[in-house]
Amino acid sequence: MARKTPEIIELDAKRVEELLRRAEERAFDAEDYQTIRMLVESYACLTSMLGDKNTTIARLRKLLFGAGTEKTAAVVGQAPPSCEEPDPAAQQAAEGDQKSPRKKGHGRNGADAYAGAEKIDVPHDSLRAGDACPDCGDGTVYTMAPGVLVRIVGQAPLGAKVYQLHKLRCNLCGKVYTAPAPEGVGSEKYDATAASMIAVLKYGSGLPFNRIEGLQGNLEIPLPAATQWEIVHAAAADITPAYHELVRQAAQGELVQNDDTAVKILELMGKRARRRALLEGDGTTNKDGSHRTGLFTSGVVSTGDGQRIALFFSGRQHAGENLRDVLDERAQTLDPPIHMCDALSRNVPGELATIMANCLAHARRNFVDVYDRFPDECRHVLEALKVVYKNDAEARQQKLSPQERLALHQAETRPVMNELRDWLKKQFDDHRVEPNSPLGGAIAYMLAHWDKLTLFLRQAGAPLDNNLCERVLKKAILHRKNALFYKTQNGARVGDMYMSLIHTCELCGVGAFDYLTELQRHAGELSTNSGHWMPWNYRETSNRQERPRDSPCQSAV
């Protein structure tokens with residue numbers, strides 16, 4: 001019996017509501033009605049997804065169930081069993097080798113982990129070093145390492161203290177005597193730590209101003225959203241020299257990485273804003289000369305001298321244009337840096353000379369996406385690339401220098417990559433793969449960018465992929481998911497500044513809260529010598545300034 005072709009029923013929103021209304025008039029209960037509504041809405045959503053020509057089965061599965069891991073074992077499964085009978089002793093030994101020691105970070109935090117906690121010395125109530133032992137009476141007690149007791153308390157992110165200054169008035173002359181404020185308490189309502197905490201919550205953890213306002217309200221320390229913006233905006237003027245110095249030092253890096261993500265800036269959106277930008281001519285045009293309407297947050301990561309710097313730029317410019325602006329400050333005596341990005345042309349910094357490398361993870365993902373349709377071919381590619389990442393992980397574990405890492409890849413990885421390139425070419429030469437198929441597209445992409453994908457085999461310090469920059473961009477994505485948009489260009493500029501400083505601190509293993517506070521408290525010194533107030537050297541500078549100088553008498557002695 002021939003299968004009947006299903007009919008396509010077109011329903012607009014009005015007809016769907018009428019259908020649900022008629023269904024509601026029947027004897028259905030509330031639960032049944034909600035179930036029918038959910039089914040209809042889900043059907044409409046799926047139909048809309050399937051109508052998009054770019055939606056594949058794999059993409060649809062990711063939209064519905066979320067993206068899983070792309071590790072080779074998760075994609076291709078376990079290796080096929082061997083025909084030979086395994087040796088029980090060898091199998092047991094192999095299983096024993098697979099048992100790795102337990103990773104760090106899965107237990108309780110020790111007292112040393114609480115670097116920001118207040119340290120309180122508690123002396124013994126009755127004994128001192130050198131006293132007689134109260135138990136035996138013959139020996140004397142001596143000092144040993146103190147015992148540690150950690151106590152965690154809850155508190156508001158932004159606390160408040162109310163100083164009630166006592167007043168006295170003369171009953172004869174009427175003069176009022178007011179108690180002076182405690183030492184160190186200024187007349188300003190908001191301390192430098194308030195701006196630092198708001199910035200870390202907003203631009204470091206993605207909490208919108210209104211959410212912080214609700215949290216503070218629940219803790220009975222009100223802090224309106226508008227006031228929060230005024231605080232961080234005022235503090236931004238103090239930390240701006242540090243941001244400019246960060247950009248200048250990023251331009252001198254040996255390796256730069258960049259990428260884009262979307263952003264919303266209400267001031268630049270809408271027909272009126274686009275018309276104004278077209279008339280004023282802001283310089284952001286596409287290659288065909290048309291006015292650019294897209295908005296992007298570009299992430300730029302620079303590595304040099306053992307330090308990593310993260311920069312954010314929001315606006316109409318692409319990642320390549322923002323990287324070009326950064327590299328304009330590069331010293332002309334330096335060699336061109338290694339530039340890691342994906343193969344999009346908008347990530348290239350124009351005519352500036354760089355040693356270009358492309359992301360191997362992007363090329364690998366093309367085979368992961370089509371594995372369900374071409375399992376054998378994709379398995380071969382993924383297993384080969386597994387060796388590449390395994391060797392790179394060994395280099396990190398052994399803490400090899402860039403030159404030693406290059407030698408390892410040339411000895412262990414190059415033969416595997418050469419074999420893979422020959423295999424990829426053979427798929428086209430022997431007509432085993434249709435060039436216009438998804439697998440053919442993945443192979444063509446890898447062959448077209450082979451030299452840039454394999455720069456790590458020829459250049460010391462070249463990374464395999466752009467994953468570091470992808471992780472950096474998650475800071476902007478987290479902010480976009482929670483705060484949704486920036487209202488003005490100035491708000492986006494302030495957000496980029498704070499995100500750059502905060503995430504650079506995280507890459508350097510420095511507390512962003514303390515760093516932002518020190519920048520505000522030493523704004524004068526920062527403006528004159530910003531190079532000494534970077535996340536990796538500000539503590540030495542601050543300690544050197546706070547160290548008391550010797551008196552003349554002591555110096556003479």
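Predicted model: local features only at pLDDT ≥ 70, side-chain atom pairs only at ≥ 80, totals over all residues.
Colleague: Which residues lie nearest the centre of the largest cavity?

Modeller: They are Val263, Ala476, His479, Arg480 and Tyr486, out of 14 lining residues (those with an atom within 4 Å of a point). The space amounts to about 80 Å³, a volume being that filled by probe spheres set on grid points joined across faces, edges and corners. Helix H16 (467-483) gives the largest share of the lining, three residues; strand E3 (255-262) and H17 also supply at least two each. Helices (H or I, at least four residues) and strands (E, at least two) are DSSP runs, numbered from the N terminus.

Colleague: In what order do the five strands of the open sheet stand?

Modeller: Strands of a sheet pair through backbone hydrogen bonds, either parallel or antiparallel. Here the order is E5-E4-E3-E6-E7, with mixed pairing; two strands pair if DSSP finds at least two bridges between them. Strand E5 (307-315) and strand E7 (355-358) are at the edges with a single partner strand each, so one side of each has no neighbour in the sheet. Strand E4 (residues 296-304) pairs with E5 in the antiparallel sense over nine bridges, and Gly304 stands opposite Gln307 in E5. Their hairpin has two residues between the strands, and Asp305 takes a positive phi near 55° there. Strand E6 (residues 338-341) and E7 are instead joined in the parallel sense over four bridges, where Met340 has Ala357 as its bridge partner in E7.

Colleague: At what angle do helix H17 and helix H18 cross?

Modeller: Two packed helices are described by the angle and the distance between their axes. The axes of H17 (residues 489-508) and H18 (residues 512-521) cross at roughly 125° and come within 9 Å. Axes are lines fitted to C-alpha atoms, for helices over the stretch in contact, with angles from 0 to 180 degrees between N-to-C directions. H17 is therefore oblique to H18, as angles under 35 degrees count as roughly parallel, over 145 as roughly antiparallel, 65 to 115 as roughly perpendicular and the rest as oblique.

Conventions: Residues numbered from 1 in each chain as written. Heavy atoms only, no water. 1 Å grid on protein atoms, 1.4 Å probe; cavity = no way out; pocket = protein on both sides within 12 Å on 5 of 7 lines; lining within 4 Å.
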